[in-house]
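Visitor: I would like to learn how to read a model with two chains. Could you take me through it step by step?

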Amino acid sequence: MSISLPALEPLLPGLLLVGVAILLLMYEVFAGQADRTYAAHLAVVGLGLSMFLSLKAVGTPRALLFGTDLANAPLIVDDFARVASALVAAAGLVAALLSPSYAKNAGHDHGEYYGLILFAVVGMMIMSMAGDLMTFFLGLETMSIAVYALTGLRAHDPRSTEAALKYFLMGAFATGFLLFGIALVYGATASVSLATLATFKAGSPLLTLGIALILIGFAFKVAAVPFHMWAPDVYEGAPTPVTGFMAVGVKAAAFIALLRLVHSGLGVSAQTDSTWIPILSALAVLTILVGNVLALVQQNVKRMLAYSSVSHAGYLLIGVVAAARGEASAGSAIIFYLTSYTFMTLGAFGVLTFLERKEGGPESERYGAFAGIGFRHPALGMAMSLFMVALAGMPPTGGFFGKLYLFTAAIRAEETWLALVGIAGSLISVYYYLRVIVAFYMREVPEPGPTPTATRSAQLTLGVALAAFFVLQLGLFPAPLLALTKSAMLSLGL
Amino acid sequence: MGFTPEALLFAVFSVSSVIAALGVVVIRDPVKAALSLIACFFSISCLFVLQSAELLAVLEILVYAGAIMVLFVFVIMLVENRDEAIVNPALGQRLGVPLKLAAVALVAFALLNGVRRAGLSTPEDLPTDFGSVSSVGHEFFDNFLFHFEVTSVLLLVGIVGAVVISKRRKPQT
């Protein structure tokens, strides 16, 4: 088999990022003690270009790379993959914008930092294009290893090292489950291709066990209960922009790959084998309830956001249940939700990055440390309020439409009770999201009072502004994104 | 299953690989645990030979038992002599042990049951060059070219990540 260069064109968004990342790594050898803001700029330009290329190709026919048909092509570049690639590139772009001033404060202002973000995005793109389980696995590992390294970059804070080690060990454990599952699926079907998997009838215990282990691996990656134990410590210890990137990027990539799996092998299995729906539903309900209740009692805003991220994984799992039931609108609801979640979460972490103090420490992340910020920094206060309102799922933000579409899909799939659990979870979440706004505006500032010194940086401002813009845009004009997600799901044959 | 020599060898090496793997987890002395891991790799490579995957067996010895284990032992020697590093598990963790064993037993039971019901005991006739260097090479560069290429990116990320984390730079002033 020979591959001609023009045939690689559908892969251009990913290849471009690999190129920029390697350029950054190479240049690092020659760069002295200089400021690394240029690296952030280069990464942002690369990610923006990659996003543009992905979106521009939407609507063109599906491309199969390194293979001739669905059963043997490792890469499937269809509209689904293109929209997903644009989404993860956007997540990387905002995260790169949030980083320069933080990296300088925290002492990890290296070019490799941006290189690792780019590689993680490439891994996510590969996951979204994967036509077989091996490609999916390689993409997942590329993403995960880059994120493990990013987590441990704050070399002077033991919390960061602990987080990286914990994340690495739990991640390796999850990878073990995933690989074992893939091996069993291969044993049952003699193929790793998702298209071949779909032709197998359920009932083979090996296949069932294999898919169950793959699902456990997924549950670890998206921090679904009871596989969520690592999330709070890792979210707290990682550099704040990385936490944001991890919360949205890893989750988006995992759910998008899960969606493709559901619409091939697992979906077929789910319709003939009645065990999947109850398992996925139980996972969703547990994740929503435990995530929300534990978020209620947190005193540290980063940990609160970690548990809230767990609960958002739960809402998305409702969508996966609906998709496994064969509900066509569930997939586009999931992509819509992921997009709005990406911007509101990155925005929230962007505001936290703004307020980070040089000496850091857990004290500066408690609710009390943010007393009176709303008046001291009116624009920041407004932005944080917007993101919190969006995370709680209230109009006029993208968060509202995300939840609306997701729960509507669940009701259409005759899973009304799941939608009700989701709504109950959202109601609980209003309390702890509003608590941040209360801290910002309604708390007395302690007299000598530790007040965060906002780190000013043009990139950071731009990042938060972009996130705020898209959160509002998705809330006021959801139609364009909805059209995109629909064409994405159409390309999967729905 | 009759008692063919293959079946006997398979039983011997699979039992020894499981025992060695258990040793890695249970033994407290890191060096001995590493040696146990080498024994585990050796048993697994014998299992590969029994499955007619000679190349894989050789690679297992060369790469894992050879290169990777040497690195392991080096690292262990470098960070040795810190007894406090190995802590006694807390009560909660000890209570979790039966639970974990139960989970493992459940998976093992499901697996055995699955294999028995799937009836996998029908080996097909293998092609004559199965497991040879050239057939594995053809698989790599024909059917799995993309996987092969993207693995290079994965390894690069691993190297860069390790270097970035372990390299302590002077804090910038």
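Predicted model: local features only at pLDDT ≥ 70, side-chain atom pairs only at ≥ 80, totals over all residues.

Visitor: How many residues of chain A are in contact with chain B, and what area do the two chains bury between them?

Guide: The size of an interface is often given as the accessible area lost when the parts come together. Here, chain A and chain B bury about 2,900 Å² between them, and 79% of that area lies on carbon and sulfur atoms. In terms of residues, 34 from chain A are in contact with 28 from chain B. On the chain A side, L138(A), P205(A) and L206(A) supply 17% of the area that this chain buries against chain B, which is more than any other three residues supply.

Visitor: How many salt bridges does the rule find across the interface, and how many residue pairs are in polar contact?

Guide: The rule finds 0 salt bridges between chain A and chain B, while the count of residue pairs in polar contact, both partners having pLDDT 80 or more, is 2.

Visitor: Which helices of chain A supply at least two residues each to the side that touches chain B?

Guide: They are helix 1 (12–30), helix 4 (111–129), helix 5 (133–151), helix 6 (158–189) and helix 8 (205–221) of chain A. The largest share of that side, 9 residues, comes from helix 5 of chain A.

Visitor: Turning to chain B, how many helices and strands are there, and what share of its residues counts as buried?

Guide: Chain B has 6 helices and 0 strands, so that, in keeping with the cut-off of under 20% relative accessible area for a buried residue, one can go on to ask about burial: 21% of the 173 residues of chain B count as buried. Chain B exposes about 12,700 Å², of which carbon and sulfur atoms supply 73%. Among the contacts in chain B between residues at least 6 apart in sequence, 58% join residues at least 24 apart.

Visitor: Which residues make the nonpolar surface patch of about 670 Å²?

Guide: The patch is made by L56(B), V58(B), L59(B), L62(B), V63(B), Y64(B), I68(B) and F72(B). One of these, V63(B), lies in helix 3 (residues 54–78) of chain B, and V63(B) counts as partly exposed because its relative accessibility is 38%.

Visitor: Back in chain A, is S193(A) buried or exposed, and with which residues is it in contact?

Guide: S193(A) is found in the loop between helix 6 and helix 7 (194–198) of chain A, and S193(A) counts as buried because its relative accessible area is 6%. A polar atom of the S193(A) side chain lies 3.1 Å from the backbone nitrogen of A195(A), and a polar contact of 3.2 Å joins the side chains of S193(A) and T196(A). Leaving aside neighbours within four places in sequence, S193(A) is in contact with L70(A), A71(A), G131(A) and D132(A).

Visitor: And what does A306(A) touch, if residues up to four places away in sequence are not counted?

Guide: A306(A), which lies in helix 12 (residues 301–324) of chain A, touches A231(A), P232(A) and Y235(A) on that count. With a relative accessible area of 0%, A306(A) is buried. The C-alpha atoms of A306(A) and G381(A), which are 75 residues apart along the chain, are separated by 21 Å.

Definitions and conventions: Residues numbered from 1 in each chain as written. Chains lettered and ligands numbered in written order. Heavy atoms only, no water. Patch = residues over 30% accessible without salt bridge, like charges linked within 9 Å, V, L, I, M, F, W, Y side chains within 5 Å. Areas by Shrake-Rupley, 256 points an atom, 1.4 Å probe, with all protein chains shown as cover. Salt bridge = Lys/Arg side-chain N within 4 Å of Asp/Glu carboxyl O. Helix = DSSP H or I, 4+ residues; strand = E, 2+ residues; numbered from the N terminus. Buried < 20%, exposed > 50% of the residue type's maximum accessible area, 1.4 Å probe, protein only. Contact = heavy atoms within 4.5 Å. Buried area = accessible area lost by both parts, 1.4 Å probe. Polar contact = N/O pair within 3.5 Å; in protein donor to acceptor, adjacent residues only side chain to side chain.
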